Amino acid sequence: MDNTCIFAPLIFSMNRIIGGIQQIGVGVPNNREMFDWYRMHFGTDVKVFDEAAEAPLMIDYTGGQVHSRSAIMALNLQGGGGLEIWQFTSRPTEKASFDITIGDLGIFAARIKSKDVPALYDRIRTLSPNSTSELQRTPDGKPHFFVTDPNGNLFNIVQGNQWFKDQGTPDGGVAGAMIGVSDIDKARTFYTNVLGYDKVEYDVVDVFDDFRSIAGGNRKIRRVLLSHTFDTKGPFSKLFGPTKVELIQLVEDKPNKIFEDRMWGDWGFIHLCYDVSEMNNIETLCKENGFEFTVDSGTTFDMGDAAGRFSYVEDPDGTLIEFVEAHKMPIMKKWGWFYNLQKRDREKPLPNWIVNALRFSKVK
């Protein structure tokens, strides 16, 4: 096990602010039903927005045509990022034509953090007895297990160690992802130099017992868990908290590309989204490391209840990473309170009482 950084030093740009993972996008054919499922199983019961619109800026990833969609963003106020539950409304949501297995290129699973992994395991087993793997241990000895949602999307429940508030339940929000890559060393040029994951928690190669219950888990795999040594900053950094990504590489077999011949927004994990500030500096940092923005709203883009600038970049295998610089966020929508984030110091977290006001958007 190696917990040192053996790659090139992290390249920083002045005033680059990464506030954590805002959300992971999950494409589904039934987003309202899935909001209820995630709310019951993961506690993501705060509905930040629920809106329908076209997605003209994503035309390069939607077959050269503008398509319509419905999207719900759900948060768990105990801490962690959200789920953007995304559904096409102008076309059917397509599944992959093959069985996705671990190590295929793209986001294979979302990491959901828990205050008490065994307790959350028991709760989910009670709610959905056939949805979980057995309780296992990671290579560094921490408890975790996998959950498969009704659409076949995989979630890795892991131990969390930083929380925004205590609501008395063992669940939490998004704390990273498992991502299939063709070459981990090459992928590190992006995940370390751009996203700041500069610490190796473990770097191991084996046929892993804790993977045997999931598709493709009986093969030899290299897995590298990355975290960051710096504290996140930004308006919602206390809520989103620290994150980790686990890069997965097949040692002997050839992977498929999860979204081969499909559109962004189709069935599966469509992107990993980071809350950022100083977007121009993020763009410069990407260019310095050989990655160009493939989508950029340029200025404030109205997203219904929220607004901001957003951009996309591809990792070396084409996995989509989104950056969002939030300009307006709904805090208490029913009373018309939308917070303007452009009029404050972007490095400082919002006062707890403002973030806590999101509880008025809870769905029971």
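## Basis

The model is predicted: local features need pLDDT of at least 70, side-chain atom pairs count only at pLDDT 80 or more, and totals for chains, interfaces and linings use all residues. Residues are numbered from 1 along each chain as its sequence is written, and side-chain values use heavy atoms, with hydrogens and water left out.

## Largest pocket

The largest pocket holds about 550 Å³ of space. A pocket is an open set of points on a 1 Å grid over the protein atoms alone, where a 1.4 Å probe fits, with protein on both sides within 12 Å along at least five of seven lines. Its volume is the space filled by probe spheres set on the points, which are joined across faces, edges and corners.

Lining residues, which have an atom within 4 Å of a point, number 25. Nearest the centre lie Ile100, Thr148, Gly152, Asn153 and Leu154.

## Helix 1

Buried residues (under 20% relative accessible area, 1.4 Å probe, protein chains only) of helix 1 include Trp37, Arg39 and His41. Just after the helix, Gly43 takes a positive phi of about 75°.

## Ile248

Ile248 is buried, at 2% relative accessible area. Its contacts (heavy atoms within 4.5 Å) beyond four places in sequence include Ile102, Met178, Phe211 and Arg222. Asp104 is 144 residues away from Ile248 in sequence, yet 8.4 Å away in space, C-alpha to C-alpha.

How values were computed: Buried means under 20% relative accessible area, exposed over 50%, partly exposed in between (1.4 Å probe, protein chains only). Helices (H or I, at least four residues) and strands (E, at least two) are DSSP runs, numbered from the N terminus.
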